[in-house]
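Please examine the sequence and the structure shown here.

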Amino acid sequence: MKKLLSILAVSVFAFAANAGTLDDVKNRGFLKCGVTTGLAGFAAPDDSGEWAGLDADMCRAVAVAVFGDRSKVEFITTTGKSRFPTLASGEIDMLARNTTWTISRDVNLGFEFVGVNFYDGQGFMVPSALGVSSAKELDGATVCIQTGTTTELNLADFFRLNGISYEALPIETNDEGKENLFAGRCDVYTTDASGLSSTRAAAADPSKWVVLPEIISKEPLGPLVRHGDHQWGDVVRWSLNAMIIAEELGITSENVDAQLSSNVPEVLRLLGAEGSYGEMLELAPDWAYQIIKQIGNYSESYEANVGPDTPLEIARGLNALWTQGGILYAPPFR
Amino acid sequence: MNEITESRKPPLATTGILGWLRMNLFSNWINSLISLFVLYVLIQFIPWILNWTIFAADFKYNFNGAEITDRTMCSRVLDPENGGACWAIIYVRFYQFMYGFYPRDEVWRVNLSYIMLAVAVVPLLFDKFPFRKHFLKFTYVFPVIAFFLLNGGLGLESVSTNKWGGLLVTLVLGCTGIALAFPLGIVLALGRRSNLPVISMMCTLFIEFIRGVPLITLLFFGMVMLPLFLPEGVNMDGLARVLVAVTLFQSAYMAEVIRGGLQAIPQGQYEAARSIGLSYWQMNMKVVLPQAIRISIPSIVNTSIGLFKDTTLVIIVGLLDLLGIGRGALADTTWLGLAYEVYFFVSLVFFIFTFAMSRYSLYLEKKLKTGINMGAD
């Protein structure tokens, strides 16, 4: 079945590659971007019905790169199961749906991950009253764990590796895990760190819960496009990179106009004042300027959606720039 | 001599409220015990529920009188001991719950459709409605009008179904599914009982296949597999694909319900109809189906209610119906953690619709005296 799907997907996107997604998007007049049906901090409709979040900003950045207008995007909601076929069939132009970059998705499903906009990983959350500061002290704890997921296997590995025991309380959904933890039926809840943060934020008193420092798996989340359309892949990749480079160079939505008269060559190249990088991508010369102006740099998007000042309170951690202790790194803009 | 003696009143314990209580709640010691237990639970529970949902609840303003714009301003977050429900999440997002992401300038079209839906359906449901015949003409053209009104075209700005959501999607799926599945179900039921082997086999195959797979499978098939089979560039609308799946699913169930009604009609009815020279269609339309559908009413309403609730499954394929919009609201960092309010509201809306449907079915059963003297009256 999976093979059949892949073959079908391959034959379908072969057509798509010929047509050229960038031209399709330009002709259509707006971008179709796949997002989640709602995940705190990544993509969720706000009170006025506008999609907000880190992934929603990613979609908007690409729309700005192509059209110079952040509103030229239509958000298509997808679920964990429907996201890949929706992308493969050409119903959406790109997917920005907290999707983990793995080899099978990149190669076998026929997609192309163009970068990472959030480094996530499996973590642990415990009541602060438990007085635990490291996951290695959790010997004998009852752990709420979603069955049938990779988190379950990671958990077993971690505890075996550290020679400690645990008792699993199997749950089906995130909500269920939340309720069980809050009711004290389990001592520990484990899932992706971003999910833990939103669970913590939903608690009556978030300060009663702590997320332990151990991250036991790699979950690089990033936008992806169909395999084979490199021109379009480049547009999405460099829309993301432009936001990261802008942070490196200290360009924000506030100071971007002042930066136009900067004397740093890379700033001028990024903002389109020098060189013809827009032309190479078949975009307007000021595409990156517009992204920074209308969306902001990576840091601005992070702080507004998931950062320490939001209810999610996710520290930059791995997602800080490589110069600041994280692993966020974009190739040079030249 | 004939003295008119005043008739004695029945014993006090068998009439009035007291009698009713004794007859219904305290007729023996087991019943009394159960009644007392239920009463105790209600006394414990009802004041708490009322307090939480109404008296201690925030609607637009919290107990300080400030307008609530995010969860931290809710009374129950500020004061977990005394605060009740924080309905502000529903209040602020009411538009989304009703219409999804439908453009605000165009929302009159949805409202107009709702009003027209009422005008189209109410005369259909009550046969004493004045000028019913003329209204029914409108009922037939209503689906076409609603389609253009909601979707756009004919001079109206097109609103892609991606922007539909909330109650709008729930109603579109529920109404279309129920309305289309009924005639389809009748055809399938008649087909399955047909004497022509090809027709009967095809109908049986269709019904058994659809009934043999869960609705989720059909939704996935419609949403995920169908686009892969269509040529590139031909994109069937997402909502339309789901509608097809829902209608097929419902029609298979409806067919079996109606077939159940058909089985109950005595053979003599068929023979009598035939003997007075009615054709196959005349026999079915005038003699068999009216009786069969009449006895199937409870089951028809039952499956319809089931479908109406099953429409929430569309969230799995990425459509945001009423429940989906609710979950989206819970994922907004502004409102994290107000799950009780959202789910309470969504279940209340569903309850209103399904309860209305079941009450209507009761009314219909009473009016048509279903189940009494079938075949003899």
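In this predicted model, helices H9 and H14 of chain A are roughly perpendicular to each other, because their axes form an angle of about 95°, and angles from 65 to 115 degrees count as roughly perpendicular. The axes of H9(A) and H14(A), the latter covering residues 298-305, lie 7 Å apart. On the side of H9(A), the contact is made by Met243(A), Ile244(A) and Glu247(A), while H14(A) contributes Tyr298(A), Ser299(A) and Ser301(A). By class, the residues of this contact comprise 3 nonpolar, 2 polar and 1 charged.

H9(A) itself may now be considered. This helix runs over residues 230-248 and has 19 residues. From its first C-alpha to its last, H9(A) reaches 26 Å, close to the 27 Å expected at 1.5 Å a residue. H9(A) is mostly covered, with 16 of its 19 residues buried. Just after H9(A), Gly250(A) adopts a positive phi of about 75°.

The contact between chain A and chain B takes 34 residues from chain A and 27 residues from chain B. The side of chain A that touches chain B has 17 nonpolar, 12 polar and 5 charged residues.

Finally, the confidence of the prediction deserves attention. Chain A averages a pLDDT of 89, and 94% of the residues score at least 70. Over residues 1-17 of chain A, however, pLDDT stays under 50.

Notes:
Residues are numbered from 1 along each chain as its sequence is written. Chains are lettered from A and ligands numbered from 1 in the order in which they are written. This is a predicted model: local features need pLDDT of at least 70, side-chain atom pairs count only at pLDDT 80 or more; totals for chains, interfaces and linings use all residues. Helices (H or I, at least four residues) and strands (E, at least two) are DSSP runs, numbered from the N terminus. The expected span of a helix is 1.5 Å times one less than its number of residues. A residue is buried if 20 or more other C-beta atoms lie within 10 Å of its own, exposed if 12 or fewer, and partly exposed in between; C-beta atoms are placed from the backbone. Two residues are in contact if their C-beta atoms, placed from the backbone, lie within 7 Å. Ala, Val, Leu, Ile, Met, Phe, Trp, Tyr, Cys and Pro count as nonpolar, Asp, Glu, Lys and Arg as charged, and the others, Gly among them, as polar. pLDDT is the predictor's confidence in each residue, from 0 to 100. Axes are lines fitted to C-alpha atoms, for helices over the stretch in contact, and angles run from 0 to 180 degrees between N-to-C directions. Angles under 35 degrees count as roughly parallel, over 145 as roughly antiparallel, 65 to 115 as roughly perpendicular and the rest as oblique.
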